[in-house]
Amino acid sequence: MAVSIVTMNTEPKNTSILKTAAIGGAAGVALRYLKPVSQNEADTVLFGEFNTLKENNIKTVKKSILDEAQHMLSKDRNNKALKLFEERLSASLKYETAKEFNNTEAQKEAVNITKNVKKALKESSQEIKTAYKELVKKAFNKAKASQFLSENNVKQTVKQSRPVSAYLLPGILLGALCGYIYNVVGTISKD
């Protein structure tokens, strides 16, 4: 009895269109969360309040840092670095609110306080300068972390508000089309 070797695969090269449609749908839903949030999209979802929310968050963080500094200062009245930090931060907050209301007197006062603090720092010992820098560094890190968290919350809110069907249906259609084309090309290449 003779044995012949099969040289060609007789199995069809087709794929299930339903499977490719399901994979396409999953990719579409994943794209809903992976697509970056644009400024226009955030403004549409938040009714143009995206920048206002960021500014309010910054003011809130500055006030909380100021409150914390004042609380620490009430415990340690002799800490010169803490006094200078609290004085400059309160001037910074006055300056921001003065800018909003165009109050030039308050602006001048805040600028003068800032200049006085800088002058006092130059005349201070290295220990006070180092302590002041540490306070500024802690405040900066706290502000950055708060800004990062608030921006991420806004981005997640925008991503959640995106309609699922706008990403799911095109993904399903594209997956089904890719499966169909794969089957057609596989059939044509056999012939």
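Which residues of H6 are buried?

1. In this predicted model, the buried residues of helix H6 are Ile-128, Tyr-132, Leu-135, Ala-139, Ser-146, Ser-150, Val-154, Val-158 and Lys-159. The helix itself runs over residues 126–161, which makes 36 residues, and from its first C-alpha to its last it reaches 52 Å, close to the 52 Å expected at 1.5 Å a residue.

2. The largest pocket has a volume of about 410 Å³, and its lining is made up of 19 residues, among which Lys-62, Leu-89, Ser-92, Ala-139 and Phe-140 lie nearest the centre of the pocket. At least two residues of this lining come from each of helix H3 (50–75), helix H4 (80–101), helix H5 (104–123) and H6. Sorted by class, the lining of the largest pocket holds 14 nonpolar, three polar and two charged residues.

3. The second largest pocket contains about 170 Å³ of space, and the residues that line it are Ile-65, Glu-68, Ala-69, Met-72, Leu-82, Phe-85, Leu-135, Lys-138, Ala-139 and Lys-142. Here H3, H4 and H6 each supply at least two residues of the lining, which by class has seven nonpolar, no polar and three charged residues.

Key: Residues numbered from 1 in each chain as written. Predicted model: local features only at pLDDT ≥ 70, side-chain atom pairs only at ≥ 80, totals over all residues. Heavy atoms only, no water. Helix = DSSP H or I, 4+ residues; strand = E, 2+ residues; numbered from the N terminus. Expected span 1.5 Å × (residues − 1). Buried < 20%, exposed > 50% of the residue type's maximum accessible area, 1.4 Å probe, protein only. 1 Å grid on protein atoms, 1.4 Å probe; cavity = no way out; pocket = protein on both sides within 12 Å on 5 of 7 lines; lining within 4 Å. Points joined across faces, edges and corners; volume = space filled by probe spheres on them. Nonpolar A, V, L, I, M, F, W, Y, C, P; charged D, E, K, R; others polar.
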